[in-house]
Structure formats: C-alpha cells, structure tokens
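Please consult the sequence and structure shown here.

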Amino acid sequence: MSRYNLDFGKTSESEAAEFLKNQGYKIVELNYRSIFGEIDIVATDARVLCFIEVKSRSTPAFGLPKEAVNRRKQHKLSQSALAYLKERQLLNQSCRFDVLALGRDEQGRPGFELLKDAFELSSKYTY
C-alpha cells in the first residue's frame, strides 16, 4: 500500500473518530487487531458496543465508500468482533456493526454517512 493511501486512511480514521464523538459515541479502542483482521473503531453508543468500519474515498471514481463493505469484509469483521468479545469476556454484551462512509468534496472537506446496524452477525459465528 502506498504511503499516500496509508496517510489518507489514518487521517480518515482520525476524522471519523472525531465525528463519532460529536455524535455521542464514546471511543473504546482504535485499530483493534485479531488474527482475523482489524476493526477500525470500537465504541459505545448508549449501552451498545459498536464495531465500526470506516471506509473513505478521495474520489467517487471507484464507487461509494459504503459499497466496499461486502460480504467478505462483513465476515472478517464478524470474526474479529467475536474475538474481541471473547478476549474481554463480553459475549453477553449488546453490540452492533456500523459503517461510517467518508467522502470528500472538491475542496477536500469530509462528508460523513453513518450507517447504524449496517449488517448482522450470522448465527454461524456463535461460540
């Protein structure tokens, strides 16, 4: 991955975390890594634990950011979320998966689209 892409991704995640704080979320962890993959942001919204995938695009040429959270990505996020819950003994915790899509206008200013409860955990992932 190019240095530009890495920097763009980190900047986007930082802007996303700030946006979520302004929406009332409490950030618990950034960039949680498991053997299955990474969860960009773990946060709470009221009493619900949220696993948040941040997707950003500098241009719409490659599609909308939210379209990048396909079934394969959902599967990896689900596995990582279960690893997180198991590690922290939170298997009874209410949780959901959110997607935060971040696009940019012509001046480079971010625009956010928050999709709460974007997808569900399939029953085949239970422990």
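## Serine 34 and its contacts

Beyond its neighbours within four places in sequence, S34 is in contact with S80 and A83 (contact means heavy atoms within 4.5 Å). The side chains of S34 and S80 make a polar contact at 3.1 Å; a polar contact is a pair of N or O atoms within 3.5 Å, and within protein one must be able to donate a hydrogen and the other to accept it, while residues adjacent in sequence count only if both atoms are side-chain atoms.

S34 belongs to strand β1 (residues 26-34). Helices (H or I, at least four residues) and strands (E, at least two) are DSSP runs, numbered from the N terminus. With a relative accessible area of 18%, S34 is buried (buried is under 20% relative accessible area, exposed over 50%, partly exposed in between; 1.4 Å probe, protein chains only).

## Basis of the model

The model is predicted: local features need pLDDT of at least 70, side-chain atom pairs count only at pLDDT 80 or more, and totals for chains, interfaces and linings use all residues. Residues are numbered from 1 along each chain as its sequence is written, and side-chain values use heavy atoms, with hydrogens and water left out.

## Aromatic pairs

The whole structure contains five aromatic pairs (rings of Phe, Tyr and Trp, the last by its six-membered ring, with centres within 6.5 Å; planes under 30 degrees apart are stacked, over 60 edge-to-face, the rest tilted). The rings of F19 and F112 are stacked, because their centres are 4.4 Å apart and their planes at 15°. This pair links helix α1 (residues 3-22) with strand β5 (residues 110-119), 93 residues apart. F19 is buried at 18%, whereas F112 is partly exposed at 29%.

The rings of F51 and Y84 are edge-to-face, with centres 5.6 Å apart and planes at 80°.
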